[in-house]
Amino acid sequence: MTQEVKRLRSVVTGVGSALPRRCVTNRELEGQVDTSDEWIVQRTGITQRYIAGEGETTSSLGAAAARAAMAKAGCAPEDIDLIICATSTPDLTFPSVATMIQAELGVLGGVAFDVQAVCAGFVFAVATADKFLTSGSHKRALIIGAETFSRIMDWQDRTTCVLFGDGAGALVLEAREGEGTNADRGVLSSKLRSDGRYKSKLYVDGGPSTTQTAGHLRMEGKEVFRFAVGHVTDVMTDAFSEAGLTVEDLDWFVPHQANQRIIDASAQKLGIAPAKVVKTVQWHGNTSAASIPLALSVACEDGRIKPGDLVMIEAIGGGFAWGAALIRW
Ligand code: UT7
């Protein structure tokens with residue numbers, strides 16, 4: 001007789017997001033660099049993005065998203081014992097954005113820290129939190145992706161400045177006992193990868209230890225595009241196989257929102273039907289680590305993602321760093 005093995009799962013209980021006040025359309029950018037609405041839409045799918053203004057920072061956007069997620073989860077500051085913020089655009093070199101958000105929310109216990117895996121940061125943060133929660137060491141986590149990439153843009157460089165935007169999204173993950181099967185709610189599997197040989201393809205040309213400045217984003221877009229479509233499906237296939245599930249079981253694919261063409265090509269490569277793909281790149285641009293939780297928030301708010309649905313999140317970014325996680329909502 002086989003014995004049932006119960007195990008802890010990291011279950012999503014709330015999702016929230018926050019955007020800066022100011023929305024900037026492609027048309028507005030036409031007046032700043034040599035570009036066109038037509039080029040941006042055709043090459044990326046982006047029509048607008050939100051840009052942080054005075055008083056809006058990565059931590060303020062992150063805290064607003066976290067508050068919204070906590071309200072959905074019905075939890076108070078004293079219920080949270082782990083905060084992980086994924087960001088590459090911290091308010092300051094230190095302390096971490098996560099500790100700033102911790103103070104802002106009035107969370108007095110537990111631990112707060114940042115993870116930095118650029119656009120893949122949110123997947124890395126979910127995978128990290130899952131290890132804490134399923135080990136039994138922590139009970140309720142706030143996982144935040146928050147960015148102000150507009151502040152590391154070279155606003156003269158049309159090949160990058162039209163692509164990115166600012167924003168934040170957050171999840172509350174709670175440790176709950178599951179049956180140990182892939183019908184459980186919660187994170188069912190996660191796969192992370194990185195390969196440091198690709199630094200020159202996507203990096204920021206400044207930092208405390210080199211230039212003592214924040215620097216500007218530099219990217220060989222075509223190379224990143226090629227790598228993304230070529231490699232990112234590997235982690236997705238591994239995540240499915242670890243969970244004993246297939247692409248047929250999937251309800252929603254929520255990839256990093258960098259470029260509509262990358263999203264479409266990745267979905268097609270895996271055989272995911274277009275109707276199952278959540279796309280928000282058209283409204284938000286590429287918000288790096290914030291893009292997945294922003295997209296999750298939109299798809300939960302509009303009623304697409306429901307409890308029990310199988311959701312795949314996936315991202316690739318600077319490093320290169322990439323990963324995927326399967327979550328039963
Ligand atoms: O978040 C993870 C990291 N980022 C990404 O995943 C982004 C990955 N890369 C991409 O999304 C695409 O490669 C881009 C959207 C960045 C570029 O699209 P592309 O189809 O690879 O275009 P391209 O770089 O080959 O540029 C084509 C042309 C060039 O002109 P020439 O050399 O053919 O005369 C560019 O100079 O488009 C020109 N171009 C622009 N034209 C108008 C580049 N940027 C612009 C612009 N407006 N903003």
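**Close-up views of a predicted model**

View 1. Because 9 of the 9 residues of E6 are buried, the strand is largely enclosed by the rest of the structure. Helices (H or I, at least four residues) and strands (E, at least two) are DSSP runs numbered from the N terminus. The model is predicted: local features need pLDDT of at least 70 and side-chain atom pairs count only at pLDDT 80 or more, while totals for chains, interfaces and linings use all residues. Residues are numbered from 1 along each chain as its sequence is written, and side-chain values use heavy atoms, with hydrogens and water left out.

**View 2. The open sheet around E6.** An open sheet of 5 strands has the order E1-E7-E6-E4-E5, with mixed pairing; two strands pair if DSSP finds at least two bridges between them. Strand E1 (7-18) and strand E5 (111-115) are the edge strands, each pairing on one side only. Neighbouring strands of this sheet are turned against each other by 20 degrees on average, direction ignored.

**View 3. Pairing on either side of E6.** Strand E4 (residues 82-86) pairs with strand E6 (residues 140-148) in the parallel sense over 5 bridges. Opposite Ile144 in E6 stands Cys85, and opposite Gly145 stands Ala86. E6 and E7 run antiparallel and are joined by 9 bridges; here Ala141 stands opposite Leu173 in E7.

**View 4. Helices lying across the sheet.** Helix H5 (residues 121-135) lies across E1, E4, E5, E6 and strand E7 (166-178), and runs at about 165 degrees to E6. Helix H10 (residues 291-301) lies across E1, E6 and E7, at about 85 degrees to E1. Contact means heavy atoms within 4.5 Å; axes are lines fitted to C-alpha atoms, for helices over the stretch in contact, and angles run from 0 to 180 degrees between N-to-C directions.

**View 5. Helix H7 and its bend.** The 23 residues of helix H7 (residues 221-243) should span 33 Å at 1.5 Å a residue, and its end C-alpha atoms are 33 Å apart, which agrees; the expected span is 1.5 Å times one less than the number of residues. H7 bends by about 30 degrees at Ala228, the bend being the angle between axes fitted to the seven residues ending there and the seven starting there. Buried residues of H7 include Val224, Phe227, Ala228 and Val232. Just after H7, Gly244 takes a positive phi of about 70 degrees.

Conventions:
Buried means under 20% relative accessible area, exposed over 50%, partly exposed in between (1.4 Å probe, protein chains only).
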